[in-house]
Amino acid sequence: MAALRYAGLDDTDSEDELPLGWEQRTTKDGWVYYANHTEEKTQWEHPKTGKRKRIAGDLPYGWEQETDENGQVYFVDHINKRTTYLDPRLAFTVDDNPTKPTNRQRYDGSTTAMEILQGRDFTGKVVVVTGANSGIGFETAKSFALHGAHVILACRNMSRANEAVSLILGEWHKAKVEAMTLDLAQLRSVQHFAQAFKAKNVSLHVLVCNAAAFALPWSLTKDGLETTFQVNHLGHFYLVQLLQDVLCRSAPARVVVVSSESHRFTDINDSSGKLDFSRLSPSKNDYWAMLAYNRSKLCNILFSNELHRRLSPRGVTSNAVHPGNMMYSSIHRNWWVYTLLFTLARPFTKSMACVQFGKPILSLYQNARLPLSAVASQL
């Protein structure tokens, strides 16, 4: 039991407790067998229950399988800095003839990103996340990177982006993660990012349009457009257009646009029902920060829906996702009133690890609640 406790497997069912002198082991392909050290023999069946078992899923987060100089497989826990020859998945074995799974919901509002991606292998997948140096973007980027994907953090502030990269590498030194400059408030920067990405000559399997501005005072970008509209919508719109050919070549691929339920509290039409372009990039006199944010989120959804209609026949799906009501993040940092509101609401909101659970809006999954990571990963 001491060895089991060392590997974190001491909480076992009494029915499965092995007799004295027996040891539970696993093969490289995940099957469980039992070694009798007294009689020096092995067998597939549990010595008490007679059941055959196999490992369920991949290694837990933080664990890695290695092979020593004698060819013996061992396991490294990078979080707790320990090594063991016992497979940590032995706590989660399943019978050789499992019963039919139930249809109960797998995830809920408190499910974390790491739980959602548990068992998924994204080795060989390339993921780009905008605004990935903090908040939702960082958790999304980290989750994919720790599950094998090559993740690119597309950020305006490279100092913070590099710090985010270091944090991810600190959790897993083999993570394939890097930062690239992307300032959505400058269309030329978007163009330069797309050119630099294409120069890498890699695929693009998931593009998460996450970066956003909230409660900004009125200002114009260098391109002459209202900042909230350009950062939240137009910059991402342009980015997707520039990378559309790469997405199609990489199919199956996916675009995830982080929107908001607040899109319901505005409109972009005039009194006659026609699109009013002046509402998208209003003058200073007609500007209200909250309305500007809501309208940009409505544009996100309309864009995602149309993008899916056009590209899904070519293997590229698109989803607009609502990450959760009253999410506590740093997006509110531009106005002290919203900072106070979010601070008061913080005890009742999700943590950043849980915000991956979003509600796809006007997408493939209308009437369903799926996590952002799950939406992005269903390729």
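Visitor: How are α6 and α8 oriented to each other: roughly parallel or roughly perpendicular?
Guide: In this predicted model, α6 and α8 are roughly parallel to each other. Helix α6 covers residues 227-249 and helix α8 covers residues 289-311, and the two pack at an angle of about 15°. Angles under 35 degrees count as roughly parallel, and α6 and α8 are therefore described in that way.

Visitor: What is the distance between their axes, and in which hand does α6 pass α8?
Guide: The axes of α6 and α8 are 8 Å apart. The crossing of α6 past α8 is right-handed.

Visitor: Which residues make that contact?
Guide: From α6, the contact is made by Thr228, Phe229, Asn232, His233, Phe237, Val240, Gln241, Gln244 and Cys248. From α8, the contributors are Ala292, Tyr293, Ser296, Lys297, Cys299, Asn300, Phe303, Leu307 and Leu311.

Visitor: How many of those are nonpolar, polar and charged?
Guide: The contact of α6 with α8 divides into 10 nonpolar residues, 7 polar and 1 charged.

Visitor: Asn300 is in helix α8. Is Asn300 buried or exposed?
Guide: Asn300 counts as buried, at 2% relative accessibility.

Visitor: Which residues is Asn300 in contact with, leaving aside neighbours within four places in sequence?
Guide: Asn300 is in contact with Asn232, His233, Val257, Val258 and Ser259.

Visitor: Turning to α5, at what angle do α5 and α6 pack?
Guide: Helix α5, residues 187-199, packs with α6 at an angle of about 30°, and the axes are 10 Å apart. That makes α5 roughly parallel to α6. Here too the crossing is right-handed, with α5 passing α6.

Visitor: Which residues meet there, and how do they divide?
Guide: On the α5 side they are Leu187, Val190, Gln191, Phe193, Ala194, Phe197 and Lys198. On the α6 side they are Gln230, Gly235, Tyr238, Leu239, Leu242, Leu243, Asp245 and Val246. This contact of α5 with α6 comprises 10 nonpolar, 3 polar and 2 charged residues.

Visitor: A change of topic: where is there a cis peptide bond?
Guide: A cis peptide bond joins Ala251 and Pro252, with omega at about 5°.

Visitor: Which residues have a positive phi although they are not glycine?
Guide: Lys81 has a phi of about 55°, and Ala215 has a phi of about 60°. Lys81 sits in the loop between β6 (73-77) and β7 (82-84), and Ala215 in the loop between β12 (206-209) and α6.

Visitor: Are these two buried or exposed?
Guide: Lys81 counts as exposed at 70% relative accessibility, whereas Ala215 counts as buried at 6%.

Visitor: What about cysteines: how many disulfides are there?
Guide: The count comes to 0 disulfides, taking sulfur atoms within 2.5 Å as the criterion. As for individual cysteines, Cys155 is buried at 1% relative accessibility, and Cys248 is buried at 13%.

Visitor: Finally, how many helices and strands are in the chain, and what share of residues is buried?
Guide: The chain has 10 helices and 16 strands. Buried residues make up 48% of its 379 residues.

Notes:
Residues are numbered from 1 along each chain as its sequence is written. This is a predicted model: local features need pLDDT of at least 70, side-chain atom pairs count only at pLDDT 80 or more; totals for chains, interfaces and linings use all residues. Side-chain values use heavy atoms; hydrogens and water are left out. Axes are lines fitted to C-alpha atoms, for helices over the stretch in contact, and angles run from 0 to 180 degrees between N-to-C directions. Helices (H or I, at least four residues) and strands (E, at least two) are DSSP runs, numbered from the N terminus. Angles under 35 degrees count as roughly parallel, over 145 as roughly antiparallel, 65 to 115 as roughly perpendicular and the rest as oblique. A crossing is left-handed if the near helix is turned anticlockwise from the far one by less than a right angle, and right-handed if clockwise. Contact means heavy atoms within 4.5 Å. Ala, Val, Leu, Ile, Met, Phe, Trp, Tyr, Cys and Pro count as nonpolar, Asp, Glu, Lys and Arg as charged, and the others, Gly among them, as polar. Buried means under 20% relative accessible area, exposed over 50%, partly exposed in between (1.4 Å probe, protein chains only).
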